[in-house]
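Open the model in your viewer and keep the sequence panel beside it. This tour goes from one selection to the next and says what is there.

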Amino acid sequence: MKRQVSVAFMVCGLLFTVCLIVANIVEQKLIRIGPIEATAGLLIFPISYIVNDIIAEVWGYKKARLIIWCGFLMNFLAVAIFQLSILVPGSANFTHQAEFQLVLGNTLRLVLASFVAFLCGSFLNAIVMSKMKVLQKGRGFSLRAVLSTLVGEGADSLVFFSLAFYGVIPTDDLLMLMMTQAGMKTGYEIIILPLTNFVVRKIKKLEGTDVYDEDVSYNPFKLGEL
């Protein structure tokens, strides 16, 4: 049987991947929102969780699992190309090697922390969405969208900041940073929730699909099951 990919699913997958790659690049800049200091990744990274919610809600966990791994691999490819570009000697006309490396180069510890945190957070987000949809019999999308993001973003922040900055930043400051990031990203989800609801309804109507994961394996590595 020939499998076909809808335009809506393809766009969601592309947006998910772009958000991940861009977030990694802008993550290094610290910004201030009122009295709170955060990373610039806050401006775009939560969108990946919103897209994750949409995919899990409309097409189910199996498709969400596929997109998560595709996003991970594309992000890995981007980081590998960034590192290769830094290592290749620049020409005499290129006089910004230090700035180039500062923007696109990350330490191995930060890269690994980012990858592990992304997988943990994204899969938890999709699993919570999937299970809650079945328990709620399809009702209450807003509740599961917020709770799944809180769980996913919470796990992402806990894993990333623990792996990346434990022993570098005082423990109290580290805990505050984790809670602040998770809280602000979940707040982002709440603010944009009306738009998310609208998009989900439109895609379900357009696609003519509304998957319930009543008999699915939540094993992240079971990629043959699509």
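Select D210. Its relative accessible area is 31%, so D210 counts as partly exposed. One caution before going on: this is a predicted model.

Now show the side chain of K133 as well. K133 and D210 meet in a salt bridge, 2.4 Å from N to O. The two ends come from distant parts of the chain: K133 sits in helix α5, D210 in the segment after α8, and 77 residues separate them.

Is K133 buried or exposed? K133 is buried, because its relative accessibility is 2% and the cut-off for buried is under 20%.

## Second stop: E57

E57 belongs to helix α2 and K133 to helix α5, so the pair ties together parts 76 residues apart in sequence. E57 has 1% relative accessibility, so this residue counts as buried too.

What does K204 form with E57? The answer is a salt bridge, with the closest N and O atoms 2.7 Å apart. K204 lies in helix α8 and E57 in helix α2, so this pair ties together parts that are 147 residues apart in sequence. Both partners, K204 and E57, are buried.

Salt bridges link E57, K133, R144, K204 and D210 in a network. The count for the model comes to five salt bridges.

Select I55 and W59. They have the most contacts inside the largest nonpolar core, a set of 40 residues. At least two of its residues come from each of α1, α2 (45-58), α3 (61-87), α5 (108-135), α6 (141-165) and α8 (193-207).

Zoom in on I55. Which residues does I55 contact, leaving aside neighbours within four places in sequence? They are F9, C12, G60, K63, A64 and I67.

There is another core, apart from the largest one. Select F160, F161, A164 and M178: they are among its eight residues.

Go to strand β2, residues 36-39, and select T39. T39 has a relative accessible area of 10%, so T39 is buried. Show what surrounds this residue. Beyond its neighbours within four places in sequence, T39 is in contact with E27, K29, L30, I31 and Q181.

For a distance check, pick T39 and V116. Their C-alpha atoms are 18 Å apart in space, and the residues are 77 apart in sequence.

## Fifth stop: the surface

Select V5, V7, M10, V11 and L14. Together they form a nonpolar surface patch with about 490 Å² of accessible area. Pick out M10, which is in helix α1 (residues 7-26). M10 has 44% relative accessibility, so M10 counts as partly exposed.

Then move to the loop between α5 and α6 and find K137. What is there to see in its backbone? K137 has a positive phi of about 55°, although K137 is not a glycine. Most residues other than glycine have a negative phi. K137 is exposed, because its relative accessibility is 58% and the cut-off for exposed is over 50%.

## Last stop: the whole chain

Clear every selection and zoom out. How many helices and strands make up the secondary structure? There are eight helices and two strands. Trace the elements from the N terminus: the order is α-β-β-α-α-α-α-α-α-α. The radius of gyration is 19 Å, close to the 17 Å that the globule rule gives for 226 residues, so the protein is as compact as a globular protein of that length.

Turn the model along its principal axes. The C-alpha atoms fill a box of roughly 60 × 45 × 30 Å. Colour by burial next: buried residues make up 43% of the 226 residues. The protein exposes about 12,400 Å², and carbon and sulfur atoms supply 71% of that area.

Finish with the contacts. Among those between residues at least 6 apart in sequence, 76% join residues at least 24 apart.

Note on methods: Residues numbered from 1 in each chain as written. Predicted model: local features only at pLDDT ≥ 70, side-chain atom pairs only at ≥ 80, totals over all residues. Heavy atoms only, no water. Patch = residues over 30% accessible without salt bridge, like charges linked within 9 Å, V, L, I, M, F, W, Y side chains within 5 Å. Areas by Shrake-Rupley, 256 points an atom, 1.4 Å probe, with all protein chains shown as cover. Salt bridge = Lys/Arg side-chain N within 4 Å of Asp/Glu carboxyl O. Helix = DSSP H or I, 4+ residues; strand = E, 2+ residues; numbered from the N terminus. Buried < 20%, exposed > 50% of the residue type's maximum accessible area, 1.4 Å probe, protein only. Rg over C-alpha atoms; globule rule 2.2 N^0.38 Å. Contact = heavy atoms within 4.5 Å. Core = buried A, V, L, I, M, F, W, Y, C linked by side-chain atoms within 4.5 Å.
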